[in-house]
Amino acid sequence: MSSESLRAPAGSINCDEIVALVPAYAIGATDPEETLLVEKHLADCPEAVAELSAYSEITEALLATSPVIAPPADLGARIVAASRGSSVPAQIIRPDFTLPPKTSDLRRWVWLVGTMTAAVAVLLIAANVVWISELRAVRQREDRLLRLLEEQNLNVASIGSGEARVAVLTSTAGQTDLIGTLVWNVEEQNALLYVSNLPDIPADRVYQLWLLAGDLRISGGVFRVDTGGMGWLRFQPDVAIENVQALGITAEPEGGSEAPTSDPILIGEI
Amino acid sequence: MNVPQSDDYELMRRISRQDEAALSALYERYGGAVYSLALRVTQLVELAEEVTQDTMLKIWNHPERWDPHKGRLLVWLLTVTRHAAIDRLRGEKRQPDLAGTPVEDMENILGTRALVDDPDWQNGRLLRRLMGDLPAEQSTVIELAFFQGYSHTDIAEKLRLPLGTVKTRVRLGLQKLRTLWETATVDPTTHNTNPI
């Protein structure tokens, strides 16, 4: 399978049928093969373009149908902190060490002791805030691991019964340790993809699995990999395995693409 | 939130220079709108916070992706938010309730958090009312597609309906919504947008 073979297919199109799909396309309701047909048709059909334009006002208004709800009070600070690539630092209040008006020595000592006590209290509170934040992060990691374990159990349960087919995906660049394995449960019509050693990609991009069925490129879904390059994707294929000839994985913009926009990194055959 | 386009342009120009104060100002201006949409899609406060942060950082890192000639900053921000939220839902393998959590219910869940009805949201509020004029089976499929990222086939499977029925409901629902919208925007007295 070459990288070119993953690109969008050609096809004969009935204009009226395609224009009838445009409203659904405008709100993202079309299936991948319908999306391909509409997008191809939009390049040549002014009627379809006008129809899409007519629905753009509605889709923009749909975006704003949610009443504004105030986000958590600290979310803005967290976002600004994250923009620096670091977590929100504990806020340390600097005590005002300006000397008070001259008074008796006793009063001055009382004032100094009071000020130092307050400063220590502030530092202790700040330290507590840091530890509470750390504890929360640990608990979140624990929750994520439990969820991952639960997902893995589901994966084994869903794929492990019934007739299964296995496909191996290999690197288009000849990288031998970069590999993917797809297990397809034919009876249950669900599938599981595991990959290892995929390179890290920018945060605004994701990996996307493609099923090549004749001229169609059907998305199997998007996934990310961890820092070790490992990732997995469980999905329910929209096509029967008999109709799928090949598989490919590409890097796509966040949210995935309707059709591959880059050359495949991994490919394999059913 | 009735902000002149020039203000948005200036804000994004400052963000392109990595001006932290501009990021704060952007969040102050549009963070509530972004968060509200993210919450509506994900229906989970934790996920909505993550989506809001992802969206704002995406703008921080790639302000050049907004083309002021193609549309208002708010619309672009919400489009990015919707895609990010649907992507997060898919990544989490979550399937929200089919009917979704009604916005009014979420307001109750959030308790004392203020609901800010901004004049700039009149169009959205109007469309929300018009959606109420659609038959429920049509508004449901539109909501599932737009706010949960479901395709025709996804909806047919979830609602256990023939694929053709789903396609018809989506098409007829949107056609009717378009007619209602055009009527209401030509003659605003047709639909009172005052929520009270």
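1. B:Ser36 is found in helix H2 of chain B; helices here are DSSP runs of H or I with at least four residues, strands are runs of E with at least two, and both are numbered from the N terminus. B:Ser36 is buried, with a relative accessible area of 1%. Buried means under 20% relative accessible area, exposed means over 50%, and partly exposed lies in between, with a 1.4 Å probe and protein chains only. Leaving aside neighbours within four places in sequence, B:Ser36 is in contact with A:Ser66, A:Pro67, A:Val68 and A:Ile69, where contact means heavy atoms within 4.5 Å.

2. This is a predicted model, in which local features need pLDDT of at least 70, side-chain atom pairs count only at pLDDT 80 or more, and totals for chains, interfaces and linings use all residues. Residues are numbered from 1 along each chain as its sequence is written, chains are lettered from A and ligands numbered from 1 in the order in which they are written, and side-chain values use heavy atoms, with hydrogens and water left out.

3. B:Thr42 also lies in helix H2 of chain B. B:Thr42 is buried, at a relative accessible area of 0%. Its C-alpha atom is separated by 7.4 Å from that of B:Ile86, which is 44 residues apart from B:Thr42 along the chain.

4. The contact between the chains takes 48 residues from chain A and 62 residues from chain B. About 5,100 Å² is buried between chain A and chain B, and carbon and sulfur atoms give 62% of this; buried area is the accessible area (1.4 Å probe) that two parts lose on being put together, summed over both. A:Leu63, A:Val68 and A:Ile69 supply 15% of the area that chain A buries against chain B, more than any other three residues.

5. Which residues have the most contacts inside the largest nonpolar core? They are A:Ile27, A:Leu62, B:Leu26, B:Leu73, B:Leu127 and B:Val170, in a core of 66 residues. Helix H2 of chain B (residues 20–42) gives the largest share of this core, twelve residues. A nonpolar core is a set of buried Ala, Val, Leu, Ile, Met, Phe, Trp, Tyr and Cys residues joined through side-chain atoms within 4.5 Å. A second, separate core has 25 residues, including A:Leu169, A:Leu209, A:Ala213 and A:Leu233.

6. Apart from neighbours within four places in sequence, B:Leu127 is in contact with A:Ile58, A:Ala61, A:Leu62, A:Thr65, B:Leu177 and B:Trp181. Helix H3 of chain A covers residues 46–63, and its buried residues include A:Ile58, A:Ala61 and A:Leu62. H3(A) bends by about 30° at A:Tyr55, the bend being the angle between axes fitted to the seven residues ending there and the seven starting there.

7. Chain A has five helices and nine strands, in the order α-α-α-β-α-α-β-β-β-β-β-β-β-β along the sequence. Of its 270 residues, 39% count as buried.

8. Two residues deserve a look for their phi angles. Most residues other than glycine have a negative phi. A:Asn197 has a phi near 65° and lies in the loop between strand E4 (190–196) and strand E5 (205–213) of chain A; A:Asn197 is partly exposed, with a relative accessible area of 32%. B:Arg160 has a positive phi of about 55° and is placed in the loop between helix H8 (152–159) and helix H9 (163–186) of chain B. B:Arg160 is exposed, with a relative accessible area of 77%.

Definitions and conventions. The expected span of a helix is 1.5 Å times one less than its number of residues.
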